[in-house]
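Here is a quick tour of a two-chain model, one stop at a time. Have a look at it first, then read on.

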Amino acid sequence: MKDLARLRTAIKESVELALNQQIQMEMVSSSKYLAMAGWCDRNGLDHCAGFFYKQSDEERHHAMKLFHYLCDQGATAYSPEVPAVAQEFDSLRSVFEGALEQEVSVTDSINRIIGICRRESDYATEELLKWYVKEQMEEEYIARRCLELIDQIPADQIYYLDKKLASVTYDGNVFDE
Amino acid sequence: MTSNVPATYQEVFRTDKGVVYQCDASYRLILEFWNTRTQFSARDFAQFRRMVETVDIRQMALSTAASDDVEILTLPRSERCYVLTLCEIVHLRELLNGAKLMLDLNSMLRECGCTLPEPA
């Protein structure tokens, strides 16, 4: 008897389901970052707004990368439902705390999917997800560094803080060496 | 309906309420349930199984609203639909999940280099 599912796609149903959930998670992240960017813009924090607009675009790019991968492999990618996200925040600190929490959730989710790939012997998807592992290392580093800077820079130097936060990058990724 | 099964159909899984066949000639899975026979591609079959799996049968069981007495399931790429009661949903789930298990088993056997004997 032919294996019709395998002839259609190399991706197992459990992996397909997990990747679709990840697409939704990335799109929710994109929406959250857009809300953060809007809040920063409204509160005169132009540099941080720019930082979050860029983050929002990046998260959408992450989702689209998975979406195209599923389509190219013959699996089914679903356009996700994105629920309403918080639009207001108490402070700049709470914005970055929210960003770090979101990145930690995404990292945990990526690790969980790699576990599924290993269980299903899906090495191609695992290889793709390695890119996300590196990306998440950077994202978590940046969010943590921003929170450190918020603690280190006096609250009355808000213009300097705004500029400094938006300039944080992760140049020392050990995987790039 | 089971009596006039084409020779290319191979039985995948059967319950007393229905049967799922696979046709290697047309690359289709055939669901025989509720006196109807429906052909699916492998993708549509997986999608339909998920559709049946996500029906909230707890809500159907607990709700007193008439609208929760039945569930309308539209078949992929078809103008037909199933209007099913709670019991029928449970029977359909049993059939589809059993079929999925057998299809997964077939995949595993193929990965191991084994194949099921072709029907005579």
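Start with B:Arg77, which sits in the loop between strand E5 (70-74) and E6 of chain B. This is a predicted model, so keep that in mind throughout. Phi of B:Arg77 is positive, about 50°, although the residue is not a glycine. Is B:Arg77 buried or exposed? B:Arg77 has 11 other C-beta atoms within 10 Å, so it counts as exposed.

B:Trp34 has a positive phi too, near 60°, and it is a residue other than glycine. You'll find B:Trp34 in the loop between E3 and strand E4 (36-40) of chain B. With 15 other C-beta atoms within 10 Å, B:Trp34 is partly exposed.

B:Pro6 belongs to the segment before E1 of chain B. It has 10 C-beta neighbours inside 10 Å and therefore counts as exposed. In sequence B:Pro6 and B:Cys23 are 17 residues apart, while in space their C-alpha atoms are 9.0 Å apart.

## The largest nonpolar core

Now for the inside. As a rule, nonpolar side chains in soluble globular proteins tend to be buried together. The largest nonpolar core here has 24 residues, and the members that touch the most others are B:Val20 and B:Leu29. Which elements give two or more residues to this core? From chain A there is H1, and from chain B there are strand E1 (9-14), strand E2 (18-23), strand E3 (28-33), helix H1 (42-53), strand E6 (81-85) and helix H3 (86-111). H3(B) gives the most, with six residues.

What does B:Val20 touch, leaving out residues up to four places away in sequence? The list runs B:Val12, B:Phe13, B:Leu29, B:Ile30, B:Leu31, B:Leu95 and B:Ala99. Apart from this core lies another one, of 20 residues, and among them are A:Ala35, A:Trp39, A:Ala49 and A:Phe96.

## Where the chains meet

How many residues take part in the contact between the chains? Nine residues of chain A are in contact with 14 residues of chain B. On the side of chain A that touches chain B, helix H1 (residues 4-8) of chain A gives the most, with four residues. Sorted by class, that side of chain A has five charged, three nonpolar and one polar residue.

## Chain A overall

Chain A has six helices and zero strands, and its pattern along the sequence reads α-α-α-α-α-α. Along its principal axes, the C-alpha trace of chain A spans about 70 × 40 × 20 Å. Of its 177 residues, 33% count as buried. Among contacts in chain A with a separation of 6 or more, 76% come from residues 24 or more positions apart.

## A helix pair in chain A

Two packed helices are described by the angle between their axes and the distance between the axes. Take helix H2 (residues 13-42) and helix H3 (residues 46-72) of chain A: their axes come within 8 Å and cross at roughly 165°. Angles over 145 degrees count as roughly antiparallel, and H2(A) and H3(A) are therefore roughly antiparallel to each other. Their crossing is left-handed. What makes up the contact of H2(A) with H3(A), by class? It has 16 nonpolar, six polar and five charged residues.

Key:
Residues numbered from 1 in each chain as written. Chains lettered and ligands numbered in written order. Predicted model: local features only at pLDDT ≥ 70, side-chain atom pairs only at ≥ 80, totals over all residues. Contact = placed C-beta atoms within 7 Å. Nonpolar A, V, L, I, M, F, W, Y, C, P; charged D, E, K, R; others polar. Axes fitted to C-alpha atoms, helices over the stretch in contact; angles between N-to-C directions. Parallel < 35°, antiparallel > 145°, perpendicular 65-115°, else oblique. Left-handed = near helix turned anticlockwise from the far one by under 90°. Core = buried A, V, L, I, M, F, W, Y, C linked by C-beta atoms within 7 Å. Buried ≥ 20, exposed ≤ 12 C-beta atoms within 10 Å, placed from the backbone.
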